[in-house]
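Open the model in your viewer and keep the selection tool at hand. We will go stop by stop.

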Amino acid sequence: MLRHLLSNDYPRSRVLAAILVLLFLGLAFQPFLIPGIKALNVAAKILVFIVLVASFDLLLGYTGIVSFAHTMFFGIGAYGVAIASTRMGAGWSAILLGTAVALVLSFALALAIGLFSLRVRAIFFSMITLAFAAAFQTLASQLSDFTGGEDGLTFRMPEVLSPGFTLSETPVLGLTLDGRIVCYYLLFATCVLLFLALLRIVNSPFGRVLQAIRENEFRAEAIGYRVVVYRTLSSILSALFATLAGAMLAIWLRYNGPDTTLSFEIMLDVLLIVVIGGMGTIYGAAIGAGLFLVAQSYLQDLLRLASGAVADLPWLAALLSPDRWLLWLGLLFVLSVYYFPTGVVGRLRALRAAGPLRTPPPAAAGPAASDPTKSLQGDYVENN
Amino acid sequence: MNYKDLDWKPLALVPVLALLVFPFIGSASTWLTLTIAGLAMGMIVFIIASGLTLVFGLMDVLNFGHGVFIALGAFVATSVLGAMGDYTNSASLWRNMLAVLPAMVVAMLVAGAVGLAFERFIVRPVYGNHLKQILITMGGMIIGEELIKVIWGPLQIPLPLPEGMRGTLLLGEAAVEKYRLIAVAVGVVVFAALLWTLTRTKIGLLIRAGVQDREMVEALGYRIRVLFVGVFVVGSGLAGLGGVMWGLYQQNVVPQMGAQVNVLIFIVLIIGGLGSTTGALVGALLVGLMANYTGFLVPKAALFSNILLMMAILLWRPQGVYALSK
Amino acid sequence: MSPGNVIPAQAGIARQRSQDALDPRLRGDDGGNLLTLEGVHTHIAAYHILHGVDLAVPRGQLTMLLGRNGAGKTTTLRTIMGLWRASAGRITFAGEDITAATTPHIAARGIAYVPENMGIFADLTVKENMLLAARGVRHAKQMDEKRLQWIFSLFPAVEKFWNHPAGKLSGGQKQMLAVARAIVEPRELLIIDEPSKGLAPAIINNMIEAFAQLKASGVTILLVEQNINFAKRLGDTVAVMDNGVVVHAGAMQALAQDEELQHSLLGLAL
Amino acid sequence: QAKEIRIAHVYSRTGPLEAYGKQTQTGLLMGLDYATGGTMTVAGRKIVLIEKDDQGKPDLGKSLLASAYSDDKADLAIGPTSSGVALAMLPVAEEYRKILLVEPAVADSITGDRWNKYIFRTGRNSSQDAISNAVAMDKPGTLVATLAQDYAFGRDGVKAFKDALKNAKIVHEEYLPQTTTDFTAGIQRIVDKMKDLPGRKAIEVIWAGGTPPFNALAAQNLKQRYGIDVFTGGNILPAMASYKQFPGMEGATYYYFGIPKNPVNEAMVATHYKQFKAPPDFFTAGGFSAAMAIVTALKKTNGETNADKLIPAMEGMSFDTPKGKMTFRKEDHQAMQSMYHFRIKVDPAFAWGVPELVREIKPEEMQVPIRNKR
Amino acid sequence: MTQLATRDLTIRFGGHVAVDAVTCTFEPGTLTAIVGPNGAGKTTFFNLISGQLKADSGTVTLGGRDLSRASASQRTRAGLGRAFQLTNLFPRLTVLENVRLAVQATRPGTHRRGLNLWSVWSDHGELMARADAILDAVAMKARENELVANLPHGDQRKLEVALLMALEPQVYMFDEPTAGMNHAEAPVILDLIRKLKQDRSKTILLVEHKMDVVRELADRIVVLHNGALVADGAPAEVIASPIVQEAYLGVAKEAA
Ligand SMILES: Nc1ncnc2c1ncn2[C@@H]1O[C@H](COP(=O)(O)OP(=O)(O)OP(=O)(O)O)[C@@H](O)[C@H]1O
Ligand SMILES: Nc1ncnc2c1ncn2[C@@H]1O[C@H](COP(=O)(O)OP(=O)(O)OP(=O)(O)O)[C@@H](O)[C@H]1O
Ligand SMILES: [Mg+2]
Ligand SMILES: [Mg+2]
């Protein structure tokens, strides 16, 4: 049963398994554990980002494609729900139709990008997607009749998902079950479902072919796989999942704008989460999203405490000022690339594998490469 | 890079583009204004992009933090020029130069020095891995930008152009800003210096070799580390110079200015073929011209002119106009 | 052509072809050995690869380093070059302790090294590859013309593809370039990891010829090689490694004649 | 000891508008201090200010406001800096039935079609800006070209400006990308349109943030070459550095520290000089005004913070601010104020072009449209 | 009868003709050795057959079917399999995964498994069994869960061959399978090739510089020189021919 749910891809580290269970339980009972709107918002955002980052991991970690246009699909999903709900009014049909249209659009765009990616070098491709994402964001704010331009769209959700709705009059475990809680659990269920689906995909025969392509595209083609097809399919799948994540966010926020889903900053967050969590592991997405979003949401509060503590050192206080929270996030960025090249998941798994000082196996050749990004260098494969 | 059999087609693109749009613009003076301004703008863009193309072309390091050095250069210039009011307020171009040149030198030195630290602490661990470079240099960029805010404050700071560099020269009806002509001169110097170093000296060769197989270069008896640091410092210094030029052009500086030009620089580099100096020049000139032409003919399209240009170039040459032999 | 004349004689290097006292452990430190390793240990990350290697390379001779796959031959060469750090032991070259020296320093002392993977700069042309190896000169024109002609005669591919990107060469052509690069300038010691792999028989003959000429001019050579002809025709001294230690050292002749020893050490017949 | 009054200030402490947000916060603090006579209490209740950083992100602003109202039990809220954030926040105020005093976000729709009854605004809106600028330049026979950013803000601004022009005639509208850095093409298009026209010619620049086109306009010597004047509105002081190149340039602004003559402004300028050794800027005045509005309203309700009490108290309420006397319109809760027609003077003592008052434009002179539906 | 045939196969790199109008037929049941000096065009010839390079002119046919325009993956699925001169595997997948990927790549129907998104990879019993069998054949079963990057050189070479076997092609192409390999390791690979030879329906092409190996294994030798086919025939007579003696072996210096 568990084997089937997890697609035979166990955490393979006791600590990791414990963290995952904790995360799962924490998210499942969050509304009852830590009261307050802020905490609930953070938890909901974690749910959305788990799906978003896992979908990006499919592309980056498993297929070895570095794309900066991933938030584009996130945005399409959010705008789909936003525009439909604005135009058709609050309702399930608006959500469904908006999501469906967004999926179709994402499909088409991802197909185009996937095909295009074959024409150019990997590093080139990623820079082009960067320019593309910027252009798409401009486009979104230009089409203000549809998208509300810079100001974005504020809209309503069906009654059951709105704060005004109450499920039961009597509080359960000290919590009034209002529409917000219903909405949270809708997100939670969707997140679990999509996460397990992604886990299944990366552990399917298809997922293995993607990894093969990441490792050595040239050889994958040589043993008979049409790399174009697989890469395009992977692009499309990851785009579709990102679109769904976007829809989830829109349902939760009941707002969408270019900065909320399309900005480069979000792309950066996603990248960082993948790196922190561990590329090519899917589980890393969940752990990374949890860690990162909690850190991001409470960093300013933490700094406020810290700068208060060193108030008599003006110089240090300036650095620890809550206004400079990005400085510390940047530092986190650098340090995590430094010290967690394989992410939390990679680290934990390696910890389990590594014993004390070992003499090598009879003739293990080559450095023990454990860095999935290495293959991104393989623009040119020796074909002798 | 073999410059003997130089590929002339990309170079021809620039005049061809200029001539092609002439009939659409009609008026000769308008065309001249747009063209000269566009070329000069291209030169400025080239200066800010040159450091990055150097670092990428030689060291294969994709520095997303390049913008920070641009901003740094500009902020240093505000401090230096701010202290030299006598010289900047003078209407004599020569006296202005006496202020701007030191500003450039100091900006390059400071940016170079910070580049030294950046190389040591940010870039060195990730040589040879593009994705990590992207991530870690972005982290560096964020840190740098925030540090600039700590030092100079988050506010926009004016960087007025010295008196003598203001205004326009009139060529008949066509108006050319004086400052742009200065930028062209600086750009030509930078271009020539880069080209000379890369093609006429062994340093270029060594570094390119070092990127491919660092150990082998060391095994041949060269101290590659010193060279790498040197290139990075020069690249950062060039970015600092670019920052001074860009800041003076905008006449104000904000800490985010580096991030703002990042995409533009990348587009230029992609068009040029990552790492090629001549390509970067061609790319910058095309971007400059294209922006002005579309801005004049179809302003709506100006928003997307860079992207469209990039797409068109990539359809023609998927590796950019001058692909390095990879 | 008599190549012996075109190779500039190495001043100050005593020619010495003595066959006696080849066991390094029996010798004093520099009594005719250009390079010595004493009890060298090397760790790569958590792995302990070399467990106390003792090796002496006599001046002016060709020393063969043999051993099965994974025995530690490549690791030994890399440790000499400073590409791995020795965690214990001592390496001396021409009387100088180079155990802790940097790779550029070691190379500059007069050692040319051809790594197992050839270390070709694929993006550079053949000419540029050669130019980098010629450390004394700034332009291709300044390279020693006579020496170049000699190299061209040995490895025609190097001349033929002079202005081509080295990455486009065939497997064997790359190998030729790698060796050509090592001999473009006179060096005291040549260290080459498997020079003959992927080479056609005719070229192998050229290479044997080249090493013979170099040796005659006083160059010391240390080779890791599987090719029997090399061993037979050139080897003066031989060391056999297994599991990170030298298990046998002595004269080539002795090993070639002792079939039993060959079998026990290498599992092959010479 | 009565319960304290909790006020949340949600603004861009960081992010692209960091500089603006901080001015607002400074002004707000000074204003509260001034309005309460240094006691920070109204009707015996202590005022507690809770700061929230929206980082310029609408989604974040939205959840911060919700958390302020609910987790922090804020009684009312002030902010935010950016219009996008403000628009996302409006429904939250309605949801929690608490006042949101918008300052300084400018979008018309905040007090227009997206308005709800919990929303008040002390900041000026785009229409006020555009209309006052129109009034400042509106002379018969003037030919006008507009130069604005190509997005909703720019287009709305031009539209309001056009609607308010009675005498002058628009000959050209130029829209440039928001992030334009090279203005050659845009200016050239305007020049080509205008150079051969007779009469008084002017370019009205409507530009927010980014790099405004003034340097490029100045470099082109349009006045000497073609007799074209440049007009624009006010801005923060560093941005007005480029106004120095346009001595005599006219326009209308909602605040410049040297213009309004009233005790509140004098007090603010004095305090600000004392604290920062610099004059208060554009958004400081706004923050100060918001504080004045709130304290005035709370005094009226005797410290009662319930929206049902506050709304009737505030509707039609007048209060003193550094910008002069302001009045919340009953219909859309937009505070009306005088605008100031200025002309730029170059004074070497200042790093910026100094706007000198030409004329105060009274609220009655500007028909600022009411766009909301009650 | 599936025979591999090339007709006037030509490719130029700049002015250099790397493979020059090579017309040649390879029959099932024979092992053809392709020899020639370094840079003669042997690897390039392989690349043209297996589709890594596209010929400037000329055709490649397999069993009468023209494959000249087909992509590398199509050719592999049509029955052309090759191993590479430099080891070319999936370094950070396990040994088993490497082989398993090859198993599902070419046989009719199994290719679709690569497009199967919704089953667990290790649940495909039949394919796993097949991969196991192949690993057994190359005596690598014990290392099946190791990452390929950690394998010694010799085992990587064996895995190259294992991948080729897993493809079950009609035509096997080996490019210097024993290069850089120790005397103790080489025989293992040569044994594998020898075993393959016993299947009379398979065509085997072998590029090899070691003449003793060629002499022992080859039924026929084809000599390439400067891209052109200069000799073709039984081993003894080809080796004796002057062109091989001069251009390849170097004026008969090498007599081993
Ligand atoms: N970077 C590395 N990381 C871990 N182990 C290594 C590394 N490099 C080599 N080894 C191990 O060190 C041992 C010795 O390897 P080495 O390359 O020196 O062998 P060799 O004698 O040169 O073999 P070959 O004949 O195959 O080239 C091997 O067991 C190998 O697996
Ligand atoms: N992609 C390429 N671009 C340019 N030239 C190439 C390319 N690939 C091969 N060549 C050239 O074609 C010729 C044939 O190369 P090939 O690799 O086929 O030789 P080979 O017969 O396999 O030699 P070896 O025995 O050394 O492996 C060589 O001269 C090589 O330089
Ligand atoms: Mg070795
Ligand atoms: Mg070959």
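Buried area is the accessible area, taken with a 1.4 Å probe, that two parts lose on being put together, summed over both. This is a predicted model: local features need pLDDT of at least 70, side-chain atom pairs count only at pLDDT 80 or more, and totals for chains, interfaces and linings use all residues. Residues are numbered from 1 along each chain as its sequence is written, chains are lettered from A and ligands numbered from 1 in the order in which they are written, and side-chain values use heavy atoms, with hydrogens and water left out.

**Stop 1: chains A and E**

Select chains A and E. They share the most contacts (heavy atoms within 4.5 Å) of the 7 pairs of chains in contact. Here 49 residues of chain E are in contact with 49 residues of chain A. Together the two chains bury about 3900 Å², with 56% of it on carbon and sulfur atoms. Now pick E:Phe90, E:Arg92 and E:Leu117. In chain E, these lose the most area to chain A, together 18% of what that side buries.

**Stop 2: a salt bridge**

Which side chain meets A:Arg208 in a salt bridge? Select E:Glu97: the N to O distance is 2.6 Å. A salt bridge needs a side-chain nitrogen of Lys or Arg within 4 Å of a carboxyl oxygen of Asp or Glu. The count between chain E and chain A is 4.

On the side that touches chain A, α1, α2 (72–78), α3 (95–106), α4 (110–113) and α6 (153–167) of chain E each give two or more residues. The largest share, 7 residues, comes from α3(E).

**Stop 3: the sheet of chain E**

Show the strands. An open sheet of 4 strands has the order β2-β1-β4-β5 (chain E), with antiparallel pairing. β2 (16–26) and β5 (65–66) of chain E stand at the edges with a single partner strand each, so one side of each has no neighbour in the sheet. Two strands pair if DSSP finds at least two bridges between them. Strand β1 (residues 4–13) of chain E pairs with β2(E) over 7 bridges. Click E:Arg12 to find E:Val17 of β2(E) opposite.

**Stop 4: chains apart**

Finally, select chains C and D. They do not touch, and their nearest C-alpha atoms are 38 Å apart. Chains D and E have no contact either; their closest C-alpha atoms lie 35 Å apart.
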